[in-house]
Amino acid sequence: MATPVSVLRLPKGPVPNSRGFDPNSPRFIALCRTSIPTSAAAQSDPEQLQEEQHARSVLRERFLRCLLAMTNKKVQFHMHEKVNVEATFGASDIDVLNFQVSDLHTPIGVQKEALIRCQDVISFTFDV
Amino acid sequence: MQCDWLHSGPQLWLRCVHRQVRLRTGKQEEHRGWLLTVDPVSHSVVLLSFREDGASVRVVMGHAVKHVEVLQEPDQDMAERLRSFFHPPTTVSLDPEELLRRRLAVCRWLQKNRLPVEEDGDELRVAGVLTIKAPYQPEDCCSSNQIILDRIQRLVRLQPDPHLETIQDKLESHPLTDSRLTRT
């Protein structure tokens with residue numbers, strides 16, 4: 001299963017009007033509708049808002065460190081319809097909508113570089 | 001914390017961190033592990049599980065999480081293991097003299113590259129937008145501007161070893177041979 005295959009589909013280029021966590025960018029609205037806004041309680045109380053923001057930043061930092069720990073490691077992606085593929089993790093985009101991977105082992109061969117859509121992934125595992 | 005997982009706030013998620021949870025992703029698929037974090041942007045749940053030959057991390061995407069249940073609190077040992085899991089490697093503490101020498105070396109290198117840098121206590125402040133903390137390595141640069149951060153990090157990485165002071169440097173620092181002073 002080590003036959004390299006040519007690129008089947010080129011990845012989409014970056015959208016020029018998306019910046020960070022902009023919830024109004026068309027890409028975000030189209031793809032990432034489930035992102036949570038500030039809770040109603042926190043909106044009215046600045047102290048609670050600060051607490052919520054602190055919680056968000058702690059959680060996000062830990063998640064980013066997890067992604068960092070994953071770079072250049074072999075990761076198994078468990079996708080829909082019981083599809084499991086292995087690849088070397090490269091990077092994620094800021095909204096965690098796509099993962100860039102190398103050496104993706106698929107049933108039809110090895111893709112040298114690929115973008116995996118996070119909506120297609122149920123979970124992924126790696127060893128530490 | 002069951003089906004409203006997606007809608008619970010970050011504060012609830014933070015409270016569940018380091019606890020053992022059972023997570024269902026629908027279709028009778030269940031995962032168990034120690035909760036490391038929940039990403040507030042994608043709601044992905046990061047679970048850590050230990051095996052005999054090591055540990056593995058499973059990240060379940062937010063859209064696939066159906067049901068989460070807290071099973072147990074960690075004991076002292078486990079809590080310590082979880083706490084130290086993603087911490088950056090602790091820096092070796094250097095003596096003040098070595099830190100001063102390094103700080104001055106980095107300061108001189110940046111000035112040589114025509115960058116405005118000033119000392120602010122133990123830190124270096126570059127162009128008013130970037131701070132370099134001890135021990136003044138590329139990883140110790142902090143800035144809110146990504147482009148400047150990248151440039152300065154590259155520059156600090158390229159800094160020649162101060163122990164290998166070249167003849168060029170010696171000539172430049174001498175008032176009689178400094179080309180900057182004798183330029184017409």
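The following paragraphs describe the two protein chains of a predicted model and the contact between them.

In this predicted model, local features need pLDDT of at least 70 and side-chain atom pairs count only at pLDDT 80 or more, whereas totals for chains, interfaces and linings use all residues. Residues are numbered from 1 along each chain as its sequence is written, chains are lettered from A and ligands numbered from 1 in the order in which they are written, and side-chain values use heavy atoms, with hydrogens and water left out.

Chain A contains three helices and six strands, where helices (H or I, at least four residues) and strands (E, at least two) are DSSP runs numbered from the N terminus. Along the sequence, these elements follow the pattern β-α-α-α-β-β-β-β-β. Of the 128 residues in chain A, 34% are buried; buried means under 20% relative accessible area, exposed over 50%, and partly exposed in between, with a 1.4 Å probe and protein chains only. Among contacts in chain A (heavy atoms within 4.5 Å) with a separation of 6 or more, 42% are accounted for by residues 24 or more positions apart. Chain A exposes about 8,000 Å², of which carbon and sulfur atoms supply 57%; accessible areas come from the Shrake-Rupley method with a 1.4 Å probe, and for residues only the protein chains shown count as cover.

Within chain A, A:Met79 is found in strand β2, which covers residues 74-79. A:Met79 has 17% relative accessibility and therefore counts as buried. With residues up to four places away in sequence not counted, A:Met79 touches A:Asn84, A:Val85, A:Ile116, A:Asp120, A:Val121 and A:Ile122. The C-alpha atom of A:Met79 is separated by 8.4 Å from that of A:Phe124, 45 residues apart along the chain.

Chain B has six helices and nine strands. Buried residues make up 38% of its 184 residues. For contacts in chain B between residues at least 6 apart in sequence, 41% join residues at least 24 apart.

A search of the whole structure finds zero disulfides over all chains, a disulfide being a pair of cysteine sulfur atoms within 2.5 Å. For B:Cys142, the closest cysteine sulfur is that of B:Cys141 at 7.3 Å, which is too far for a bond. B:Cys142 counts as partly exposed because its relative accessibility is 31%. B:Cys16, at 3% relative accessibility, counts as buried.

The contact between the chains takes 35 residues from chain B and 33 residues from chain A. Together, chain B and chain A bury about 3,000 Å², 65% of it on carbon and sulfur atoms; buried area is the accessible area (1.4 Å probe) that two parts lose on being put together, summed over both. Two salt bridges are found across this interface, a salt bridge being a side-chain nitrogen of Lys or Arg within 4 Å of a carboxyl oxygen of Asp or Glu. A salt bridge joins the side chains of B:Arg51 and A:Asp127 at 3.3 Å, N to O. On the side of chain B that touches chain A, the elements giving two or more residues are α1 (10-16), β2 (30-38), β3 (45-51) and β4 (54-60) of chain B. Of these, β4(B) gives the most, with six residues.
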